[in-house]
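Please look over the structure shown here. The briefing below goes through its salt bridges, nonpolar cores, aromatic pairs and surface.

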Amino acid sequence: MAKNKESLLFNRIKTALKTAYLLRIETSTARGVADVFCIYKRRSFWVELKANDSKNLQLSGYQLNWHNTINQHGGQAFILVKTLEQRALKIYSVEGRGVRLLHQCTDTAGGLVEAFNFMHGHALNNHG
């Protein structure tokens, strides 16, 4: 079976971030749970992986609700999008029923490190 684009992105993240603890979450029972739980530089956060050029990011209502719940309870959840045409990495946060672009970098190994450094810093600044 061919790996989907999100699985390929996860494998690239594991290669680029050797010091991060990355747990891939695959569940059919809890709808909306983000794809990856990460502990990076002593800070934990969740990351939903997407690889598409869709304007709505192809997030389900369950995913929007889950991200809102995590953020409202003091956690941090992000959406990391690998754009296919722009060859960029974009980091979003869910706010209400929508999303907000927080950061953008190049789709390279260095860009992945930059993206996780950004998420780490955002988690540090927003939750102690």
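**Briefing**

Asp107 and Lys82 are both buried (under 20% relative accessible area; exposed is over 50% and partly exposed in between, with a 1.4 Å probe and protein chains only). This is a predicted model, in which local features need pLDDT of at least 70 and side-chain atom pairs count only at pLDDT 80 or more, while totals for chains, interfaces and linings use all residues. Residues are numbered from 1 along each chain as its sequence is written, and side-chain values use heavy atoms, leaving out hydrogens and water.

**Salt bridges**

- The whole structure holds five salt bridges, each being a side-chain nitrogen of Lys or Arg within 4 Å of a carboxyl oxygen of Asp or Glu.
- Asp107 and Lys82 form a salt bridge with an N to O distance of 2.7 Å. Asp107 lies in the loop between E6 and H3 and Lys82 in strand E4, so this pair ties together parts 25 residues apart in sequence. Helices (H or I, at least four residues) and strands (E, at least two) are DSSP runs, numbered from the N terminus.
- Arg12 and Asp107 also meet in a salt bridge, at 2.8 Å from N to O. Arg12 is in helix H1 and Asp107 in the loop between E6 and H3, 95 residues apart.
- Arg12 counts as partly exposed because its relative accessibility is 28%, whereas Asp107 is buried, with a relative accessible area of 5%.
- A network of salt bridges links Arg12, Lys82, Arg87 and Asp107.
- Glu48 and Lys50 form a salt bridge whose closest N and O atoms are 4.0 Å apart, and both residues are buried.

**Nonpolar cores**

- A nonpolar core is a set of buried Ala, Val, Leu, Ile, Met, Phe, Trp, Tyr and Cys residues joined through side-chain atoms within 4.5 Å.
- The largest nonpolar core has 23 residues, and those touching the most other members are Ile13, Leu22, Phe45, Val47, Leu49, Leu80 and Phe116. Elements giving two or more residues to this core include helix H1 (5-16), strand E3 (43-51) and helix H3 (109-126). H3 supplies the largest share of this core, five residues.
- Another core, of seven residues, lies apart from it and has Leu57, Val81, Tyr92 and Val94 among its members.
- Leu22 touches Phe10, Ile13, Lys14, Val36, Phe37, Cys38 and Phe116, not counting residues up to four places away in sequence; contact means heavy atoms within 4.5 Å.

**Aromatic pairs**

- There are five aromatic pairs in the structure. Rings of Phe, Tyr and Trp (its six-membered ring) pair if their centres lie within 6.5 Å; planes under 30 degrees apart count as stacked, over 60 as edge-to-face and the rest as tilted.
- Phe45 and Phe116 make a tilted pair, 6.1 Å centre to centre with 40° between the planes. Phe45 is in strand E3 and Phe116 in helix H3, 71 residues apart. Both Phe45 and Phe116 are buried.
- Trp46 and Trp66 make an edge-to-face pair, 5.1 Å centre to centre with 80° between the planes. Trp46 lies in strand E3 and Trp66 in helix H2 (residues 61-72), so the pair ties together parts 20 residues apart in sequence.
- One aromatic cluster consists of Tyr40, Phe45, Phe78 and Phe116.

**Loop residue**

- Gly75 lies in the loop between H2 and E4 and is partly exposed, with a relative accessible area of 23%.
- The C-alpha atoms of Gly75 and Thr29 are separated by 21 Å.
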